[in-house]
Amino acid sequence: MSNTAKDLVAGTAGGVAQVLVGQPFDIVKVRMQTAPKGTYSGMLHCAGGILKNEGPLAFYKGTLTPLLGIGVCVSIQFGAMEWSKRYFGQQNLIHGVGGPNGTILSGPQLVASGVFAGLANGVVSGPVEHIRIRLQTQSATKPLYAGPWDAIRKIYAIKGVAGIYKGQGVTLLRESTGYGIYFWAYEKLMQREMEMKGIKREQVSPAKAVLFGAAAGYALWAVIYPIDMIKSRMQTDGFTPADGQKYKSTLHCVRTVWKTEGISAFTRGLGPTLIRSPFANGATFLGFEMANRLLHSWFQ
């Protein structure tokens with residue numbers, strides 16, 4: 001089994017863990033991001049309304065799409081990241097830097113690897129998150145879409161491939177910026193742990209993988225949250241003026257939100273995100289590290 005195949009399988013395990021842990025928080029975040037100003041007084045008001053009006057299963061509304069799609073997305077993230085790390089490791093060996101094996105990457109190398117992982121991931125995450133958000137925000141009593149495949153079929157019939165990839169530009173900006181910081185933070189913490197204790201990566205405790213993943217998640221959201229909010233607005237906007245289109249472009253969306261709702265709109269829904277982040281990202285890196293170690297022990 002090749003290293004790339006191991007990375008992809010381990011990444012899928014991390015993605016599944018992320019969705020199962022983070023989905024209830026994510027739907028609250030999306031509802032708060034996309035609702036008109038004043039709809040919710042806070043995170044608990046939003047969550048309570050979902051529970052009362054739609055039932056507990058509503059917190060996993062649209063889960064099939066992210067469970068399949070985010071599993072693929074995280075698989076791509078880690079596959080691209082690990083491939084890039086190996087590439088830079090080989091370059092380090094050639095130039096005699098990065099330790100005996102060249103595997104101690106510099107900060108810029110880690111950021112570049114994360115940006116590459118984010119861009120590779122964005123090709124899939126854009127449409128996956130678009131469909132998920134449509135399902136999460138549609139009416140519970142008169143839903144427009146019966147499920148993810150119905151949503152894809154109807155959107156494609158209206159706007160074709162461009163409709164499926166609605167909001168893709170801002171998605172790529174979010175992914176490249178966010179994952180550059182995300183993987184840099186995690187890998188730097190792992191490097192520090194290995195250096196301080198004189199151990200190999202596979203000897204780092206699972207608890208530390210969770211802790212470092214949680215910290216990386218906070219670094220990610222500190223950078224990308226306003227971008228994520230604009231992405232959510234673009235991906236829930238109408239496709240034409242006839243069906244309620246508000247924004248002509250991403251820049252028009254930014255200007256409109258700023259003008260009509262103020263700067264606070266760019267951080268609306270941040271509460272559930274900050275609560276969700278350490279659990280979801282800790283689970284992601286734990287799932288990846290444990291699966292990766294298991295695969296390498298099976299297929300040496």
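A polar contact here is a pair of N or O atoms within 3.5 Å, and within protein one of them must be able to donate a hydrogen and the other to accept it. Keep in mind as you look around that this is a predicted model.

**First stop: Gln33**

Select Gln33 and show its side chain. Which helix holds Gln33? The residue belongs to helix H1, which covers residues 3–34. Now show the side chain of Tyr225 as well: between the side chains of Gln33 and Tyr225 you will find a polar contact of 3.2 Å.

Is Gln33 buried or exposed? Its relative accessibility is 0%, so Gln33 counts as buried, the cut-off being under 20%.

**Second stop: Ile230**

Next, select residues 206–236, which make up helix H7, and pick out Ile230 within that helix. Ile230 has a relative accessibility of 3% and therefore counts as buried.

Which residues touch Ile230, apart from its neighbours within four places in sequence? Display Val170, Thr250, Cys253, Val254, Val257 and Phe266, and you have them.

While you are here, draw a distance from the C-alpha of Ile230 to the C-alpha of Leu172. The two residues are 58 apart in sequence, and their C-alpha atoms are 12 Å apart in space.

**Stepping back: the protein chain**

Clear the selection and switch to a cartoon view. How many helices and strands does the protein chain have? There are 9 helices and 0 strands, and from the N terminus on the order reads α-α-α-α-α-α-α-α-α.

Turn the model along its principal axes: the C-alpha atoms fill a box of roughly 60 × 35 × 35 Å.

Colour by accessibility next, and 50% of the 300 residues will count as buried.

Finally, show the surface. The accessible surface of the protein chain is about 14000 Å², with 67% belonging to carbon and sulfur atoms. Colouring by charge picks out 31 positive and 16 negative side chains, and the centres of these two sets lie 6 Å apart.

Methods. Residues numbered from 1 in each chain as written. Predicted model: local features only at pLDDT ≥ 70, side-chain atom pairs only at ≥ 80, totals over all residues. Heavy atoms only, no water. Helix = DSSP H or I, 4+ residues; strand = E, 2+ residues; numbered from the N terminus. Buried < 20%, exposed > 50% of the residue type's maximum accessible area, 1.4 Å probe, protein only. Areas by Shrake-Rupley, 256 points an atom, 1.4 Å probe, with all protein chains shown as cover. Lys, Arg positive; Asp, Glu negative; His and termini not counted. Charge placed at Lys NZ, Arg CZ, Asp CG, Glu CD. Contact = heavy atoms within 4.5 Å.
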